[in-house]
Amino acid sequence: AKNKLQKYSREAKTIVSESDFGKFIADIKEGNVDEVQQSELKPDDSMEKQQLIKTLVGENFESNLFKEWRDQNVLVMIYANWCKASKSVMPIYEGLAEKLFPATRNLILAKFDAASNDAKHPSAKSDKYPRFRLFKASRKDDGEYEEFKGEKGVKPTKQILTDFIKQHILLMDDDASSFGA
């Protein structure tokens, strides 16, 4: 198992002796110091409402997914901005958003750059990119989601992702024929 790197912060000028440093380490071990969480800036709310794909960052991952969107179906693409596979799949995900919206009323599409953001919740973490995780409106706890398991080496298409979504939730749309196979 990989050791998870944990980051903590304290102003250097507050550690003036070896005992101060020892107390800081003891406070970390006792859970009295919050871990530093890397996060891009949250998107502007007025701009975000217009986006077909919502942007999650380290600062709002848990609050949006587990509070604001708690009773909604949410498909999250977890990606890394440096990853070639993520870059090639992003236009497909954007095409999926254009295909589904505005007709679909019960699904939110979101993206989370795991390389530029830290989120405390395990569902935000991945060692392979991109990952698609579907959080259903009926989930009983925050850790409950369906993970897309595509074939190795096969890039997901709009239809493959639509089929994955339909396998787990009933899409509510204004025109039922718009999602035909």
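Modeller: Here it is, and please keep in mind that this is a predicted model, in which local features need pLDDT of at least 70 and side-chain atom pairs count only at pLDDT 80 or more, whereas totals for chains, interfaces and linings use all residues. Residues are numbered from 1 along each chain as its sequence is written, and side-chain values use heavy atoms, with hydrogens and water left out.

Biologist: How many salt bridges does the structure hold?

Modeller: A salt bridge is counted where a side-chain nitrogen of Lys or Arg lies within 4 Å of a carboxyl oxygen of Asp or Glu. By that criterion, the number of salt bridges in the structure is 5.

Biologist: Which strands are linked by the salt bridge of R131 and E147?

Modeller: The side chains of R131 and E147 meet with N and O 3.0 Å apart. Helices (H or I, at least four residues) and strands (E, at least two) are DSSP runs, numbered from the N terminus. The two residues are 16 apart in the chain, and the pair links R131 in strand β4 (residues 131-135) with E147 in strand β5 (residues 146-147), so the strands asked for are β4 and β5.

Biologist: Is R131 buried, partly exposed or exposed?

Modeller: Buried means under 20% relative accessible area and exposed over 50%, with partly exposed in between (1.4 Å probe, protein chains only). E147 and R133 are both buried, while E146, with a relative accessible area of 27%, is partly exposed. R131 has a relative accessibility of 22%, and therefore counts as partly exposed.

Biologist: What is the geometry of the ring pair formed by Y93 and F132?

Modeller: Rings of Phe, Tyr and Trp (its six-membered ring) pair if their centres lie within 6.5 Å, and planes under 30 degrees apart count as stacked, over 60 as edge-to-face and the rest as tilted. By this rule the count comes to 8 aromatic pairs. The centres of the Y93 and F132 rings are 5.4 Å apart and their planes stand at 55 degrees, so the pair is tilted.

Biologist: Which elements hold Y93 and F132?

Modeller: Both Y93 and F132 are buried. The pair ties together parts that are 39 residues apart in sequence, because Y93 lies in helix α4 (residues 84-100) and F132 in strand β4.

Biologist: How are the rings of F148 and F164 arranged?

Modeller: F148 lies in the loop between β5 and α5 (158-168) and F164 in helix α5, so this pair ties together parts that are 16 residues apart in sequence. F148 is buried at a relative accessible area of 14%, and F164 counts as buried at 6%. Their ring centres are 5.4 Å apart with 75 degrees between the planes, an arrangement that is edge-to-face.

Biologist: Which residues does N64 touch, leaving out those up to four places away in sequence?

Modeller: N64 is placed in helix α3 (residues 61-68), and its relative accessibility of 12% makes it count as buried. Contact means heavy atoms within 4.5 Å. With residues up to four places away left out, N64 touches L56, W69 and R70.

Biologist: Where does P130, joined to Y129 by a cis peptide bond, lie?

Modeller: A cis peptide bond also joins F101 and P102, with omega about 10 degrees, and P102 is in the loop between α4 and β3 (107-113). For the bond of Y129 and P130, omega is about -10 degrees. P130 lies in the loop between β3 and β4.
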